[in-house]
Amino acid sequence: MKEEIKTALIQLFEEWADDRVIETEILPQSGSYREYIRLIGEKRTVLGAFNADKKENAAFLSFSRFFAEKGLSVPEIYCENNEQDIYLLQDLGNTTLFDYILHLRVGEGFANDLVQIYKKIISQLIRFQLEGENGLDYSVCYPRDSFDKQSMIWDLHYFKYYFLKLAKIPFDEQLLENDFQKFSDYLLDAPRDYFLYRDFQSRNIMLVNGEPWFIDYQGGRRGALQYDLASLLYDAKADLPQDVRDELLAFYLKEIQKVQTVDPKAFTSFFQGYVLVRIMQAMGAYGFRGFYERKDHFLKSIPFALKNLETILGRMSIPVELPELVKALKAVISSDFLKSVGKEEKPKLHVEINSFSYRRGIPLDKTTNGGGFVFDCRAIHNPGRYQEYVEMTGKDQPVIDFFKERSEMDEFLGSVYSIVDMSVDKYISRNFANLQVNFGCTGGRHRSVFSAESLAKHLREKFDVNISLRHIEREIEGS
């Protein structure tokens, strides 16, 4: 974020809140070009947003106020400066549904807590879809006020040019175009007088005290019910098991029947088609951001998208023949190049272990990971108080014997091992890169050195991890 934008947001906050900003935090950018900063004042915390696209801002601000009036869980808009393309909104924290999925997923299964959260989300989705039609100002929609034929063709061409072509998938241009026309005409037969959120996926759903809140609906427009449900259930990296998808689809049909007459068979047929067009739109985005803009993290979604594509092609039953499109999609699934994209050899967790002296302060975490431990060893009986051990370190055998025979070290390290093992195990399962563990004592010579050495040995024997071990005070003193 440019300094002048940050300054303008701070000024907007301080004038609106009658508060003083004491800290700021730039939030990482997602797939959009919007920029966010957390403004932490003495009395309250809000998010500041900048987006140079005035039309997108107008849609987001208008939709936010409308949905809030309907009692839907969207961030409150506090104030805005349209000339500078900035505004302030409610801070919903950092936990997205996607983050929560990573935390709660158990083995190859899917935690029941997550299923219940998805059911809450689906109930709210139905409210967006039906209540959004009653009084929403569709004139601010951007870029179009309906997910119509033009919008579908844009998405299909997005897939063709930024995914198929860049992935070198062969196809007949005219035959594929013919299928695009037939496919979009079929999808347009579904009732489309509902609010279509457009990007209803796990990274755009926040969890606040266990309840879902919703963001990034500025691309909303009129459309079919099936599209947003497809976006949610076939969100690539959320990787929902198929039986969970089927359960949630059945739940959606049951819930919407309470407020809207729906033919389940027709709905399901159109749903399969909308799943396919949504997957293709997402793959176009992965191609554009990954292949074209060279943003590697978008490529990591491709293996999940391939899995989704294979699943839906194996289940799809729609009353229209799409031979060239199906041929191209099967080539996508079987592409050796695409199977290798986004996959990389799983890196080993790097555990940095340090001993240090509290006289010089706690070591910095240079990875900016922010994860780890600092253990204070000063409660342990100190061999440094005895003359015969003063010139030794925690690596010398007499000191090692002292800790085994005359101190509480074994009990201390037993507790340390239990805590650190838990984090190492979780970090490995979640593909985290770094963990730092620090042991401090008064001189950084005996207790901290022995503890660091002992933990390094323990982890090498128990886990397949890379370990770096430093005795910082010893390095400074040249010993």
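Me: Which strand is N354 found in?
Reply: N354 is in strand β10, residues 350–357. Strands here are DSSP runs of E with at least two residues, helices are runs of H or I with at least four, and both are numbered from the N terminus. Before we go on, this is a predicted model, where local features need pLDDT of at least 70, side-chain atom pairs count only at pLDDT 80 or more, and totals for chains, interfaces and linings use all residues. Residues are numbered from 1 along each chain as its sequence is written, and side-chain values use heavy atoms, with hydrogens and water left out.

Me: Good to know. Is N354 buried or exposed?
Reply: N354 counts as buried because its relative accessibility is 0%. Buried means under 20% relative accessible area, exposed means over 50%, and partly exposed is in between, using a 1.4 Å probe and protein chains only.

Me: And what does the N354 side chain make a polar contact with?
Reply: With the side chain of N438, at 2.8 Å. A polar contact is a pair of N or O atoms within 3.5 Å; within protein, one must be able to donate a hydrogen and the other to accept it, and residues adjacent in sequence count only if both atoms are side-chain atoms.

Me: Which other residues is N354 in contact with?
Reply: Leaving aside neighbours within four places in sequence, the list for N354 includes P363, Q436, F439, A452, R470 and I472. Contact means heavy atoms within 4.5 Å.

Me: New topic: how many salt bridges are there in the whole structure?
Reply: A search finds 30. A salt bridge is a side-chain nitrogen of Lys or Arg within 4 Å of a carboxyl oxygen of Asp or Glu.

Me: Where does R38 come in, and what does it pair with?
Reply: R38 forms a salt bridge with D91 (2.7 Å, N to O). The pair links distant parts of the chain, with R38 in strand β2 and D91 in the loop between β5 (86–90) and α3 (97–104), 53 residues apart. R38 counts as buried at 5% relative accessibility, whereas D91 is partly exposed at 21%.

Me: Nice. What about K149 and D185?
Reply: Their side chains also meet in a salt bridge, 2.7 Å from N to O. K149 lies in helix α5 (residues 149–164) and D185 in helix α6 (residues 173–187), so this pair ties together parts 36 residues apart in sequence. Both ends are partly exposed: K149 has a relative accessible area of 26%, and D185 has 39%.

Me: Which residues share salt-bridge partners in one network?
Reply: K160, K165, E173 and E177 are joined that way.

Me: How far is Y386 from R315?
Reply: Their C-alpha atoms are separated by 76 Å, and the two residues are 71 apart along the chain.

Me: Last one, the overall picture: how many helices and strands does the protein chain have?
Reply: The protein chain has 17 helices and 13 strands. Along its principal axes, the C-alpha trace spans about 90 × 55 × 40 Å, and 53% of the 479 residues count as buried.
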